Amino acid sequence: MSTLQGIIFDFNGTLLWDTPYHNKAWNIFLKKYGISLSDKEIHENMHGKTNAEIFKYLFKRELEPQELEMFALEKEGIYRNLILRDNFQLQDKVTELFDYCLACAIPMSVATSSDKENADFFYRRYGFKKWFMPMRFVYNDYTFKSKPEPDIFFRAAERMFLNPKDIIVFEDSPSGIRAAEKFGAGQIVIVNSSNEDYSMYTHQIITNFEDAKRIIKFEIDDSRSKEWE
């Protein structure tokens, strides 16, 4: 019988397939500051990273705290306005998966590289209170190293009282996948939300959350398994 008992979800690009919104927000921001990057460069060098790391990469220098806060608020404000404008929702079947895990008493946590402002926005807008205590919606609070370091996953695991080998991690970004590997997750599931090439990985890949039903049903302790209608 599998020892896998809990789940950690990345958020952006995993539960919320918002990569085009982040890319558009970055393009608007970068155009203002005369910086040009392709979507591929954004994906490889910015997704899954903290704002501090991203802005250092963009401006090629360390930023003062006031500059970092100003730039972060500006870019994330653009992003949130785009999400609100289009009433963009969580990926199909995500809430059904949460309901299933809640019914089966499967511990869950979110581990997102987003700052507090975005994390609070997501938690409120998408009704995460129904499934996750605030302490299990773990975000970048600048007290630990960001992905590809595994620190955020260790924090999420501690809050679920589980060991890494007992946890399935759902991720989409290269930095997040590497962090999950360093974390020692019992299983890593790659969510291919942007039609990327993940052929270099040996982890299981899904393209929708209907597929997650099979993974959860057969990898979580069968004594707690219930049908997901």
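Me: Why is Asn 192 called buried?

Reply: This is a predicted model, and every value below is computed from it. The relative accessibility of Asn 192 is 13%. The cut-off for buried is under 20%, so Asn 192 counts as buried. Asn 192 belongs to the loop between β5 (187-191) and β6 (204-206).

Me: How do you know that the buried residues of α7 line one face of the helix?

Reply: The buried residues of α7 (residues 151-160) are Ile 152, Phe 153, Ala 156, Ala 157 and Met 160. Seen down the axis of α7, these buried residues fall within an arc of 135°, so they line one face. Their cover includes β1 (6-9), β2 (108-111), β3 (137-138), β4 (167-171) and α8 (174-183). After α7 comes Phe 161, with a positive phi near 60°.

Me: Why is the pairing of Lys 147 with Asp 10 called a salt bridge?

Reply: The criterion is a side-chain nitrogen of Lys or Arg within 4 Å of a carboxyl oxygen of Asp or Glu. For Lys 147 and Asp 10 the distance from N to O is 3.0 Å, so the pair qualifies as a salt bridge. The pair links distant parts of the chain, 137 residues apart: Lys 147 is in the loop between β3 and α7, and Asp 10 is in the loop between β1 and α1 (19-32).

Me: What makes Lys 116 and Asp 120 partly exposed, and how are they placed in helix α6?

Reply: Partly exposed lies between the limits of under 20% for buried and over 50% for exposed. Lys 116 has a relative accessible area of 42% and Asp 120 has 26%, so both count as partly exposed. They are 4 residues apart in α6 (residues 116-125), which means a separation of about one helical turn.

Me: Why is Asp 166 called buried?

Reply: Its relative accessible area is 6%, and the limit is under 20%, so Asp 166 is buried. The side chains of Asp 166 and Lys 165 also meet in a salt bridge, at 3.3 Å from N to O.

Me: Which residues of the largest nonpolar core touch the most other members?

Reply: Within this core of 56 residues, they are Phe 9, Phe 11, Leu 15, Phe 128, Phe 170 and Phe 209. Helix α4 (residues 65-86) gives the most to the core, with 7 residues. A second, separate core has 17 residues, among them Val 138, Phe 153, Ala 157 and Phe 183.

Terms used: Residues are numbered from 1 along each chain as its sequence is written. This is a predicted model: local features need pLDDT of at least 70, side-chain atom pairs count only at pLDDT 80 or more; totals for chains, interfaces and linings use all residues. Side-chain values use heavy atoms; hydrogens and water are left out. Helices (H or I, at least four residues) and strands (E, at least two) are DSSP runs, numbered from the N terminus. Buried means under 20% relative accessible area, exposed over 50%, partly exposed in between (1.4 Å probe, protein chains only). The arc is that of the directions from the helix axis to the C-beta atoms. Contact means heavy atoms within 4.5 Å. A nonpolar core is a set of buried Ala, Val, Leu, Ile, Met, Phe, Trp, Tyr and Cys residues joined through side-chain atoms within 4.5 Å.
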